[in-house]
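Dear colleague,

Please find the structure below, followed by a summary of what was found in it. I would be grateful if you would read the summary with the structure open.

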Amino acid sequence: MTEAPLLTLDNLLASLRATGESTRVRLLALLSEGELTVKDITAILGQSQPRISRHLKLLSEARLIQRFPEGAWVYYRLAEGASADLARGILAHLSTQDPVLAGDRSRRESIRKAQAEKAATYFAENARSWDAVRSLHVPEEAVEGAMVDILGDHPVRNFLDLGTGTARILELFSDHYDRALGIDANPSMLSVARANLDKSGVRRAQVRQGDIYALPVAAGSFDAVTVHQVLHYLDDPGRALQEAARTLRPGGQLLVVDFAPHAHEFLRDQYAHRRLGFPHEEISGWLKSAGLEMVAVRDLKPEQDENGKLTVTLWLARDPRIITDLPPVSVNLEVA
C-alpha cells in the first residue's frame, strides 16, 4: 500500500495558521460536504463578498480548498492531499450540535433546495425531447445494465464521464470508483447534474464545465472513461475519442455508447444530432488511431416487431500499455 504524502514543517504550519480562524473553519465545514460558489457562501455566512473572498484565498494558498472556474462563476470545494486531510481531521473533532455550524447547515440546505428546484425546471423543459429519443431504442435500463456488465469488475480508482449531462452515469457507477469527474459544456445541465448527485448522496463525484476536445485533466489520469450518447452531437467524433484516450492510464478502459447507423433524419432537424449513428468499423478505426485496442463490441438490438427502433452499440477499448508497479496517480481535479 502506498503511504500518503506527508507535509513539510512549513506546509503544516501554513495549514494550521489558515485554519486558526472561526470563519475559515466554518468554510471548511461547508466545503467538506460539497462545492459552493462565493454567492452561495455569502448567503450562508451573511458576510460581505470581499471578506469571504479573502478567506477563500488564504485557504486556497494553504492548499486546503480548490477553486474551479465555470464561466462567470467559481466553485470551491475541499481539496485532496495531505493538507486537506489535516483539515478533515480538525473537522472530525467538531460537534455536529454546535449551534453556529448547525445554522450554516440549515442555510446551506435552503440553498440546495432552491438550486434543485431550478435544475428540475430546466430538466422538465427539456425532458420531452430526451424522452422522445429514448423511446426510439431499447429501454435505458437495458443499456445501463450492459454498460455495467461490459466494464466488468476491474478496479477503478479514477473514473471520467464525458458529456455527463444529468450525471446519470456517475450515479450508475458510483459503487465502482474511488473518485469520479463528469465533464459537460452546458452550465444549465451541470446544475441538473449537481442537484442529482446531491439528491442521490454521491459524494465522491464532481462535475466540471469543459471542452470535450480539450479536456481540463492531466494525461494518464483515469482507469475508466465513458462517452455515453455524446458522439452523435459532435462535428469531429474521432478527435474527441483521441482526447478521451489521452486521459487513460496504462490498462485503462474507454467505453463508447452510441447508435448504430440509422435513417431517422428528424433527429438532425429537431434534436441537433450531427451524425445518424456509427458503423462498427468507423468507431473501431478511431479507437485504433487513438492508440487503443478493441476489447468488445455489443449491439443492443430492438425486438423484431419494433420497426423503426434504433440499435444501441457499446464499444469497449483498452490502453495496451502495461501497468507497472508505480504508485497510482493521485488526480488533481482542479481545472486550469
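**Salt bridges between and within helices**

E144 counts as buried, since its relative accessibility is 12% and the cut-off for buried is under 20%. Please note that this is a predicted model.

The side chain of E144 is joined to that of R168 by a salt bridge, with an N to O distance of 2.9 Å. This pair links distant parts of the chain, as R168 belongs to helix α8 (residues 168–172) and E144 to helix α7 (residues 140–151), 24 residues apart. R168, in turn, is partly exposed, with a relative accessible area of 34%.

A second salt bridge connects D104 with R107, whose closest N and O atoms are 2.7 Å apart. Both residues lie in helix α6 (residues 99–134), and because they are 3 residues apart there, about one helical turn separates them. D104 is buried, at a relative accessible area of 1%, whereas R107 is partly exposed at 34%.

A salt bridge also forms between the side chains of D236 and R239, at 3.4 Å from N to O. Here D236 is partly exposed, with a relative accessible area of 33%, and R239 is likewise partly exposed, at 42%.

Beyond these pairs, E35, R77, R194 and R208 are linked in a network of salt bridges. The count for the structure comes to 20 salt bridges.

Helix α1 covers residues 9–19 and contains L12. L12 is one of the residues that make a nonpolar surface patch of about 340 Å², together with L9, L13 and L16. The relative accessible area of L12 is 31%, so this residue is partly exposed; the patch takes in residues with over 30%.

Finally, I draw your attention to D198, which is found in helix α9 (residues 187–200). In sequence D198 and G34 are 164 residues apart, yet their C-alpha atoms are 8.4 Å apart in space. D198 is partly exposed, with a relative accessibility of 27%.

With kind regards

Note on methods
Residues numbered from 1 in each chain as written. Predicted model: local features only at pLDDT ≥ 70, side-chain atom pairs only at ≥ 80, totals over all residues. Heavy atoms only, no water. Patch = residues over 30% accessible without salt bridge, like charges linked within 9 Å, V, L, I, M, F, W, Y side chains within 5 Å. Areas by Shrake-Rupley, 256 points an atom, 1.4 Å probe, with all protein chains shown as cover. Salt bridge = Lys/Arg side-chain N within 4 Å of Asp/Glu carboxyl O. Helix = DSSP H or I, 4+ residues; strand = E, 2+ residues; numbered from the N terminus. Buried < 20%, exposed > 50% of the residue type's maximum accessible area, 1.4 Å probe, protein only.
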